[in-house]
Amino acid sequence: MSVLKNSISRGGGVRLSQYLSSPTTKLAPFQRLYSSTPTSARLNIPTDFSTTPILHHSSQSALSNHELPPEIRNGTTKRMNLFQSVNDALSLALAADESVILFGEDVAFGGVFRCSMGLAERFGSERVFNTPLSEQGLVGFGIGAAAEGMKAVAEIQFADYVYPAFDQLVNEAAKWRYRDGAEGRHVGGLTVRMPCGGVGHGALYHSQSPESLFTHIPGLRVIMPRSPIQAKGLLLSAIASNDPCIFMEPKALYRASVEQVPVGHYTLPLSKAEILNPGTDLTIISYGHPLYTCSAAIAKAEQDLGISIELIDLRTVYPWDKETVLESVRKTGRCVVVHESMVNAGIGAEVAASIQEDKETFLRLEAPVMRVAGWSVHMALMFERFNIPDVARVYDAIKKAVEY
Amino acid sequence: MKLPLRLARTTMRWAILRTTHHRFSSSLSQKPGAAGIRFPGAVNSQFTNSLTFEHPSTYPALPTYRCVDQDGSIVDKSFSPPADSLALEMYDNMLCVSIMDVIMFEAQRQGRLSFYMTGQGEEGTCVGSASALEKEDVIFCQYREAGVFTQRGFTFDDFMSQLFANKKDSGRGRNMPVHYGSKALNIHTISSPLATQIPQASGAAYALKMQRLTDPNIPPRVVACYFGEGAASEGDFHAALNIAATRSCPVIFICRNNGYAISTPTLEQYRGDGIASRGTGYGIDTIRVDGNDIFAVREVTKRARELALKDGGRPVLIEAMSYRISHHSTSDDSFAYRARIEVEDWKRRDNPITRLRKYLEKKGVWNEEKESAARSRIRKEVLKAFAEAEKEKKPAMRSMFEDIYEDLTPELKSQMSELKGIIERYPNEYDVSEFEGGKESLKP
């Protein structure tokens, strides 16, 4: 049972054995090629997505969110995983505004992660379409369409493949409004979606989280949701936003995270962090997939150490909600930042520097700000579980911060 | 380039199921005695028993269309020249650009502006093509297209405000000189990275097409996109032409092939038959034109526009051949890599301004007297705009922080007051008097 859960949590239920056919040899017992944890583990237990407090398992809790407009809160919910909620958001955006177009590699048949399923059939091949396999081309195309007033939603198949489009994003999309000045044109209609993060066996080019490369670019908004409810609300905000947005979808959550998602069109605020779990002794700041790890580590640490921990989800990593973070750390005096991507010059570096830079917060610090993040290495196939922050590493940082 | 990793088994199955009924061509097998299989990647290819590589040298170079020769005589008998009034207007616009170029190049040499790029030798390509477009058509430029701006109505005041980055500069003092832009004239603001505008032009053209599909009251519009032959080596060129063809975008790609990309001659830029030979490879209607023949450029662009709007839209590629008479920019001395005599030769032997002048003189609508009057009038106009623009204040300092996002973020507001504080604490270190409103504009 635990082995099965294991494969679902990080691996999204994938078995590489499907690619292997060996008619003569029987591979028994089958050796797993992706991350797994020992049965003795107390901390590094795979996330049970059916019980995690990060997700809204009941309709009532999903609708209790005060950020939702009243008509949505009085409405109903539907159980969705993250790819279904992305699909729902795209579908609502396409239905609401004729200027919305959706394109990328293999988007027309539904996308390799099923996010655009049924949309070409419903909205027509003029609005939902495949592009040639060229990231610089499709992002440039999106920028041009947005410059002429379209809401262009471009998909990069994996965040790992966004680099050919880097020039278009950095030099063009981000600077369009600035260089056009009083002429007032902009490419705010552009949203670039991309699956990101570890998935158990993605190795070097199906695992990356390049968000901090984008947070160094003025002009872009960089967003990463943690759950289906967020994916829908934040994606609809990104599409509606008059600034170009990079929308990063943690691919490991596409199927794994399932919750009750409010029905209908709603948005969630950009550049606004969310306090997931109030606490008084320590603040953990994270975003995207590691929030599940943090939540598990918090449960164990609170139990073991008798402390109360505040968990903050940044949601938008740039421009980010510094005020909410500083306010929390002023209250708790201790802070741990957790993210999947490399520690060096990552989001944690900016958060930690901002905390020590703020006089009032600096004076309240009772321990150094700690970072739990990917090591300064590439994502190696066999070593993913030692690279992505796990519960033990977050737990350890909490312990060190409290015992400092 | 990438591994098409399917991350879920069900996805994989779905993919196969879903695509089977889309496979029109690939599911056909070879019929007995057929001359070829309809491979999905090339449905009309016939089999051959002869093992032969296609060699570029066996194909003749694409011809260069011209309708007026170097003496100003019409050589295409089927061509009907534009009305004299239009021809004179185009001539005047070419003169305006070329005179402004000389004055501004000198001004940069005197240190009165930071940078300049002239377009000598390419006035015909720019003015001629722009004259064939409608004012609603959207234009993307590279940077050597002042003639396009002039033809569409950009004034000397507009040029000078941008060049001096003063408070009337619509770019709010942010861009290097010659990075012009105008919403009213439907020309997107120029950016320095080469070729980035080419796929953007494809996307913009797709937007125009979609908007007309949604609202048939919108007039049919095309996008025109200019770039040099050097920029055509960038990946963005490839991406742009390919996506424009697959999405049937009404866009006219206009390549200014002037022989050089800074110091790099075309022999080191490509080995094919120029840029035009690539067009057909992408499935794009293509033509090569004599860029020194402004009538030919105009005629070709006019036809390209009609073609681009046909059958729901399609891209067209025009390669306009010319010679870059000017240095690449004020930061370049081109005699370091090409002979002065070569440049002088082109200047004398063939250039778009003298060719149109010969035509106009033959028709008896232009002469030496009109020429010198026009030259002195234009010179005066340029110098007047120059002097006024130079005197004007610089944009307010807060413009440095604005327009990064739609609204100022808390971070930007705080940085704005931080800068103001620095200037207040170290007043002797900064002269902010030339900026509209001084440091006070930095109040968040």
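In strand 14 of chain A, Val372(A) is the bridge partner of Val338(A). The model is a predicted one.

**Strands of chain A**

- Strand 13 (residues 335-342) of chain A has seven of its eight residues buried, so the rest of the structure largely encloses it.
- Strand 13 of chain A pairs with strand 14 (residues 370-374) of chain A in the parallel sense, over four bridges.
- Strand 10 (residues 282-286) of chain A also pairs with strand 13 of chain A, in the parallel sense and over three bridges.
- Opposite Thr283(A) stands Cys335(A), in strand 13 of chain A.

**Aromatic pairs**

- Over all chains, a search of the whole structure finds 26 aromatic pairs.
- One of them joins Phe295(B) and Tyr359(B) edge-to-face, with 4.8 Å centre to centre and 85 degrees between the planes.
- Phe295(B) belongs to helix 9 (residues 294-309) of chain B and Tyr359(B) to helix 11 (residues 352-362) of chain B, so the pair ties together parts 64 residues apart in sequence.
- Phe295(B) and Tyr359(B) are both buried.
- Phe103(A), Phe129(A), Phe141(A) and Tyr206(B) are linked by ring pairs into a cluster.

**Charges over rings**

- Phe129(A), part of that cluster, has the charged end of Arg247(B) over its ring, 3.8 Å from the centre.
- In chain A, Arg393(A) lies over the face of Trp375(A), at 3.8 Å from the ring centre.

Methods. Residues are numbered from 1 along each chain as its sequence is written. Chains are lettered from A and ligands numbered from 1 in the order in which they are written. This is a predicted model: local features need pLDDT of at least 70, side-chain atom pairs count only at pLDDT 80 or more; totals for chains, interfaces and linings use all residues. Side-chain values use heavy atoms; hydrogens and water are left out. Rings of Phe, Tyr and Trp (its six-membered ring) pair if their centres lie within 6.5 Å; planes under 30 degrees apart count as stacked, over 60 as edge-to-face and the rest as tilted. Helices (H or I, at least four residues) and strands (E, at least two) are DSSP runs, numbered from the N terminus. Buried means under 20% relative accessible area, exposed over 50%, partly exposed in between (1.4 Å probe, protein chains only). A charge sits over a ring if NZ of Lys or CZ of Arg is within 6 Å of the ring centre and within 35 degrees of the ring normal. Two strands pair if DSSP finds at least two bridges between them.
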